[in-house]
Amino acid sequence: MRQLFELCGADRDVCYSPFAWRVHLCLLHKGLDFERVPLKFLEKEPLTPANSKTVPVLRDGDTWLKDSFDIALYLDQTYPDNPLFGSDIAIAQARFINGWLDRTVVMGLFPLVTADIAALQDAENGAYYRETREKRLGAPLEEVQARRDDMLPAFQVALAPARLALAHGPYLAGARPGWMDYALFGNFMWARIVSPFELLDTGDALYAWRERMLDLFGGVGRAAKRGFRHAA
Ligand SMILES: N[C@@H](CCC(=O)N[C@@H](CS)C(=O)NCC(=O)O)C(=O)O
């Protein structure tokens with residue numbers, strides 16, 4: 001049995017964790033079947049076999065894994081066909097990219113949608129989210145998010161390395177998508193599901209890349225349920 005434990009809002013069909021989306025797409029890339037297990041923030045008990053307090057967690061038979069990067073490495077080691085990375089050098093480079101994603105992209109995106117994420121939670125999970133995240137941000141979520149139009153240009157500039165790479169092929173990994181594409185795209189899935197706020201201009205090479213990514217695997221990203229009201 002293969003299960004992907006992810007994060008959901010009050011509506012269990014609204015699964016938005018950027019890290020879980022990375023793994024979701026890596027599993028599809030490998031052609032592996034899996035069951036999605038949506039969990040709310042405070043539902044930590046199912047994660048204990050992986051010794052984790054965060055999602056994603058992957059259960060692959062008797063093997064329990066945590067951390068999206070370690071899960072991607074495991075998938076390539078265990079199911080070598082159709083590699084996500086391709087070589088030891090690619091893995092080392094991916095570690096650097098993972099750091100950029102987690103520190104620059106996730107941290108840059110989080111303030112832009114932070115109150116929208118709170119709006120998806122039920123009362124108990126919303127209170128947990130607000131308390132932990134307001135401590136992190138040092139201000140009320142709504143106050144931070146109210147400045148998102150001013151913060152957006154800096155976020156778009158921070159994406160420049162990915163934009164430059166797309167001058168050389170349709171995907172960051174080249175002619176076909178790889179871990180790097182899924183890892184960056186997971187963040188756009190996060191934003192798409194939690195918020196109506198548009199991050200990219202239509203003329204941006206990343207906009208066209210995001211459209212291609214939304215179409216992969218039968219359009220799984222495009223079909224994912226969005227949580228905010230008046231969603232298209
Ligand atoms: N480095 C981890 C990060 C995972 C992570 O931060 N997950 C968040 C959801 S996006 C989480 O589970 N948070 C639980 C909490 O805040 O209680 C990975 O790549 O999997």
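Does Gly219 count as buried or exposed, going by its C-beta neighbours inside 10 Å? With 10 such neighbours, Gly219 counts as exposed, because the cut-offs call a residue buried if 20 or more other C-beta atoms lie within 10 Å of its own, exposed if 12 or fewer, and partly exposed in between, with C-beta atoms placed from the backbone. Before going on, note that this is a predicted model: local features need pLDDT of at least 70, side-chain atom pairs count only at pLDDT 80 or more, and totals for chains, interfaces and linings use all residues. Residues are numbered from 1 along each chain as its sequence is written.

**The chain overall**

- The protein chain has nine helices and four strands; these are DSSP runs (H or I, at least four residues, for helices; E, at least two, for strands), numbered from the N terminus.
- Reading along the sequence, you get the pattern β-α-β-β-β-α-α-α-α-α-α-α-α.
- The radius of gyration is 17 Å, which agrees with the value near 17 Å for a compact globule of 232 residues; it is taken over C-alpha atoms, and the globule rule is 2.2 Å times the number of residues to the power 0.38.
- Along the principal axes, the C-alpha atoms fill a box of roughly 45 × 45 × 30 Å.
- Buried residues account for 34% of the 232 residues.
- Take the contacts between residues at least 6 apart in sequence, and 68% of them join residues at least 24 apart (a contact means C-beta atoms, placed from the backbone, within 7 Å).

**The sheet**

- Four strands make an open sheet with mixed pairing, in the order β2-β1-β3-β4; two strands pair if DSSP finds at least two bridges between them.
- At the edges sit β2 (35–39) and β4 (63–66), each pairing on one side only.
- From one strand to the next, the twist averages 20° (angles run from 0 to 180 degrees between N-to-C directions, and axes are lines fitted to C-alpha atoms, for helices over the stretch in contact).
- Strands β1 (residues 2–7) and β3 (residues 57–60) run antiparallel and are joined by four bridges, with Phe5 standing opposite Val57 in β3.
- Helix α1 (residues 18–30) packs on the sheet, where it touches β1 and β3, and its direction makes about 155° with that of β1.

**A helix pair**

- Helix α3 (residues 88–119) and helix α8 (residues 179–194) have axes that come within 10 Å and cross at roughly 5°.
- That makes α3 and α8 roughly parallel to each other, since angles under 35 degrees count as roughly parallel, over 145 as roughly antiparallel, 65 to 115 as roughly perpendicular and the rest as oblique.
- The residues that meet include Leu101, Val105 and Asp116 in α3, and Trp179, Ala183 and Asn187 in α8.
- The residues of this contact split into 14 nonpolar, two polar and one charged (Ala, Val, Leu, Ile, Met, Phe, Trp, Tyr, Cys and Pro count as nonpolar, Asp, Glu, Lys and Arg as charged, and the others, Gly among them, as polar).

**Spots to look at**

- Gly219 lies in helix α9 (residues 205–223), and its C-alpha atom is 22 Å from that of Arg163, 56 residues away along the chain.
- Phe217 is also in helix α9; its phi is near 50°, a positive value in a residue other than glycine, and with 15 C-beta neighbours inside 10 Å it counts as partly exposed.
- Asp67, in the loop between β4 and α2 (68–78), has a positive phi of about 75° although it is not a glycine.
- Asp67 counts as partly exposed, with 18 C-beta neighbours inside 10 Å.
- Val55 and Pro56 are joined by a cis peptide bond with omega about 5°, and Pro56 is found in the loop between β2 and β3.

Terms used: Contact = placed C-beta atoms within 7 Å.
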